[in-house]
Amino acid sequence: MTRGAITIQTDRCKGCGLCIQACPQHVLVFGEEFNARGYRPVQLDERERCCTGCGVCALVCPDVVFTVYRQPVRRAA
Ligand code: SF4
Ligand code: SF4
């Protein structure tokens, strides 16, 4: 089990939606604001703690928008 975190370079996003469809945790949505390119960039929704750091978003994004971090979750024995 891992807990993840991502950073999103919103200025690079072109709003294609590939990452939204691909995220297995369904935590990515389009934001309300427009970026400098005229697109509504992706952002994490209120369930961002559900991100596992799987990296699928970074894998599918054609514009290298995501950086993904993974942290193992240790359970008490
Ligand atoms: S790392 Fe995985 S769970 Fe987290 S936002 Fe990206 S695709 Fe979704
Ligand atoms: S795949 Fe990349 S460019 Fe496309 S909506 Fe997601 S973050 Fe934006």
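I take helices (H or I, at least four residues) and strands (E, at least two) as DSSP runs, numbered from the N terminus. On that basis I read the chain, from the N terminus on, as β-α-β-β-α-β. That gives me 2 helices and 4 strands.

Ground rules. This is a predicted model, where local features need pLDDT of at least 70, side-chain atom pairs count only at pLDDT 80 or more, and totals for chains, interfaces and linings use all residues. Residues are numbered from 1 along each chain as its sequence is written, while chains are lettered from A and ligands numbered from 1 in the order in which they are written.

Overall shape. I boxed the C-alpha atoms along the principal axes and got roughly 50 × 20 × 20 Å. Then I looked at contacts (C-beta atoms, placed from the backbone, within 7 Å). Of those with a separation of 6 or more, 66% join residues 24 or more positions apart.

Burial. I call a residue buried if 20 or more other C-beta atoms lie within 10 Å of its own, exposed if 12 or fewer, and partly exposed in between, with C-beta atoms placed from the backbone. By that count 18% of the 77 residues are buried.

For classes, I count Ala, Val, Leu, Ile, Met, Phe, Trp, Tyr, Cys and Pro as nonpolar, Asp, Glu, Lys and Arg as charged, and the others, Gly among them, as polar.

Ligand 2. I listed its surroundings, among them Cys-13, Cys-16, Cys-19 and Cys-61, along with Lys-14 and Asp-63. The class tally is 8 nonpolar, 2 polar and 2 charged.

Core. I define a nonpolar core as a set of buried Ala, Val, Leu, Ile, Met, Phe, Trp, Tyr and Cys residues joined through C-beta atoms within 7 Å. The largest one has 13 residues, and those with the most contacts inside it include Cys-19, Cys-23, Cys-57, Cys-61 and Phe-66. Leaving out residues up to four places away in sequence, I see Cys-23 touching Leu-28, Val-56 and Cys-57.

Phi check. Most residues other than glycine have a negative phi. I noted two that go the other way. His-26 has a positive phi of about 55° and sits in the loop between α1 (18–22) and β2. I call His-26 exposed because 11 other C-beta atoms lie within 10 Å. Val-64 shows a positive phi of about 50°, in the loop between α2 and β4 (66–72). With 9 C-beta neighbours inside 10 Å, Val-64 is exposed too.

Asn-35. Where does Asn-35 lie? I placed it in the loop between β2 (28–30) and β3 (42–44). It has 16 C-beta neighbours inside 10 Å, so I put Asn-35 down as partly exposed. Beyond four places in sequence, Asn-35 touches Thr-10, Asp-11, Cys-13 and Pro-41. Its C-alpha atom is 6.9 Å from that of Thr-10, 25 residues apart along the chain.

Thr-2. This residue is in strand β1. Is Thr-2 buried or exposed? Thr-2 has 12 C-beta neighbours inside 10 Å, so I logged it as exposed. Past its neighbours within four places, Thr-2 is in contact with Thr-52, Gly-53, Arg-70, Gln-71, Pro-72 and Val-73.

Note on methods
Near = placed C-beta within 6 Å. Contact = placed C-beta atoms within 7 Å.
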